[in-house]
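Hi everyone, and thanks for making time. Today I would like to walk you through one structure, so please have a look at it with me.

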Amino acid sequence: MENKDKKRSVFDSTIEAFQSFLKVPATVTGSGSHVRDCNDLKRVMIIVVVALLPTFLFGIYNTGYQHNLAAGTDMGFWQMVWYGFLKILPLYLVSYIVGLAIEFASAQIRRHQVNEGYLVTGMIIPLIVPIEIPLWMLAIAVAFAVIIGKEVFGGTGMNIWNPALIARAFLFFAYPAHMSGDKVWVAGVDGYSGATPLAEASAGNVADLPSALDMFIGLIPGCPGETSTIAILIGAAILIFTGVASWKIMVSSVAGALVIGYLCNWIAPSPDSYLAFPAWEHLLMGGFAFGTVFMATDPVTSAQTEAGKWIYGFLVGAFTIIIRLFNPGYPEGMMLSILLMNTFAPLIDYCVVQRNIKRRLNRAQIN
C-alpha cells in the first residue's frame, strides 16, 4: 500500500492539474504575505484566452478569405471558415501537444504543480506565425520557447522574456525564409505572391497598399492573429475591463509609436521617402496592435511599477517604429522591441523605485 501511494505521488502534479481544470483548487497559501482574491492564475489565463478569441476567429476566416482571393475560387462564407479552421488546427495541435508535454514533464521532475501559463502561450504562438509554417519547425520553436524561454528560469512567473515571442524569434532567425517574404502568408496556393502591407510599405510600394479600412478590418495577408485591428481592440476592451492587462502600457505604446512616427514624417527628405509614411498607419500594419495588447502587457515580463509602465510602453512603441524605418533587414520591429524592453523592464522598475525612495528621503529631511 505504501509503494502504491508512493507511486501515485509521482503523478500528483498531473492529477491535480486535471482535477482543478474546471474546479477551484482546495489549497491555500501556506506561508508568506498574499492577497486574498477570487481570481487565481487559472481564471486570469482564461480571461486572456477569451480576449484572444476574436482574433482567433477572424484569423480562421481571413485564412480562408486570402486563399479564396489568391486561388480565384468562389467559396462561400462557411467554406472559407472551414478551410481556415482546417489550416490553423494543426498549428494548435502542435503548439499544445508539444508545449504541454514539456510543461507536464517539467512539473513531474520538479514535483511542482502544473501552472496554467501555457494556456495563453499555446494560444498565441499559432496566431503570430505564418499559416504555412512547417509543423516540424513549429514544434522545435515551441520546445525552444518553453524550455529555454521559461523552464530554465523556473517556470511560469519566473521568465524574463515573453515565451511566445521567443518562439517567433527562434523561427525568424533559424528559418527566415519561412517567416518573411511574399509567399508564406497565403495558404494552399503555391508560388502566389502576397506581400503584407508592411512589407510593401518598407519596399516603397505605397501605391500598392490596401485601404486603411481593409487594414483596420484585417482583410490583408499576414499572421492569423495580427491582421484585424478591430478584433484586437475587442480583446483589448476585455482585458482592460477585467483589469487583467495594463491600459497604461497600451496607451503609452501607441503614444511612443506616434511620437517617433510623426517626428520622422517631419524630417522626411521627400514625400516619397519611407520616413514620410503616415505615422498612424503604422498602428494598423504588422504585429503592432497585437503585440501592444497581448504581449507588451504580459504582467510577468513587463514593468511592474505604475510610472515604469508608462516608460516601458512608450519605449516599446518608439523602438518599433525606429526598427521599422531604419532597419531594412527587419521591417516588422514589434517582436524585437518587446524582447528588448522585456530585458530592460527590471531596470526601469529599479530606477523608478530608487527615484521614489530618494524623493521620500528628501521630503523627510525637509520636514
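Let me start with a term: a salt bridge here is a side-chain nitrogen of Lys or Arg within 4 Å of a carboxyl oxygen of Asp or Glu. What you see is a predicted model, so local features need pLDDT of at least 70 and side-chain atom pairs count only at pLDDT 80 or more, while totals for chains, interfaces and linings use all residues. Residues are numbered from 1 along each chain as its sequence is written, and side-chain values use heavy atoms, with hydrogens and water left out.

First, the overall picture. The chain has 15 helices and zero strands; helices (H or I, at least four residues) and strands (E, at least two) are DSSP runs, numbered from the N terminus. Of its 367 residues, 49% count as buried. Buried means under 20% relative accessible area, exposed means over 50%, and partly exposed is in between, with a 1.4 Å probe and protein chains only. Let me also define contact, which means heavy atoms within 4.5 Å. If we take the contacts between residues at least 6 apart in sequence, 71% of them join residues at least 24 apart.

Now back to those salt bridges. How many does the structure hold? There are six. One of them joins the side chains of Lys-150 and Glu-103, at 2.4 Å from N to O. This pair links distant parts of the chain, with Lys-150 in the loop between α6 and α7 (163-174) and Glu-103 in helix α4, 47 residues apart. Are these two partners buried or exposed? Lys-150 counts as buried because its relative accessibility is 3%, and Glu-103, at 5%, counts as buried too.

Helix α4 takes part in another pair. Glu-132 forms a salt bridge with Lys-87, and their closest N and O atoms are 3.2 Å apart. Glu-132 sits in the loop between α5 (117-124) and α6 (135-147), and Lys-87 belongs to helix α4 (residues 77-110), so this pair ties together parts that are 45 residues apart in sequence. Here Glu-132 is partly exposed, with 32% relative accessibility, and Lys-87 is partly exposed as well, at 25%.

Glu-306 and Lys-309 form a salt bridge at 3.3 Å, N to O. Both lie in helix α14, three residues apart, or about one turn of the helix. As a reminder, an α-helix has 3.6 residues a turn, so residues three or four places apart point the same way. Glu-306 is partly exposed at 41% relative accessibility, whereas Lys-309 is buried at 16%. Through salt bridges that share partners, Lys-248, Glu-306 and Lys-309 are joined into one network.

While we are in this region, let's look at Ser-302. Where does Ser-302 lie? You will find Ser-302 in the loop between α13 (288-295) and α14 (306-326). Its relative accessibility is 5%, so Ser-302 counts as buried. The side chain of Ser-302 reaches the backbone oxygen of Asp-298 at 2.7 Å. Beyond its neighbours within four places in sequence, Ser-302 has contacts that include Ile-249, Tyr-312 and Ala-345. And although Thr-343 is 41 residues away along the chain, its C-alpha atom is 9.0 Å from that of Ser-302.

Let me turn to two helices. Which residues of α5 are buried? They are Gly-117, Tyr-118, Leu-119, Val-120, Thr-121, Gly-122, Met-123 and Ile-124. That is eight of the eight residues, so α5 is largely enclosed by the rest of the structure.

Helix α10 (residues 229-242) has 14 residues. In α10, the buried residues are Thr-229, Ala-231, Ile-232, Gly-235, Ala-236 and Leu-239. They cover an arc of only 160 degrees around the axis, which puts them on the same side of α10; the arc is that of the directions from the helix axis to the C-beta atoms.

My last stop is Asn-62, in helix α3 (residues 41-71). With 4% relative accessibility, Asn-62 counts as buried. A polar atom of its side chain lies 3.4 Å from the backbone oxygen of Gly-218. Leaving aside neighbours within four places in sequence, Asn-62 is in contact with Gly-218, Leu-219, Ile-220 and Thr-227.

Note on methods: A polar contact is a pair of N or O atoms within 3.5 Å; within protein, one must be able to donate a hydrogen and the other to accept it, and residues adjacent in sequence count only if both atoms are side-chain atoms. The expected span of a helix is 1.5 Å times one less than its number of residues.
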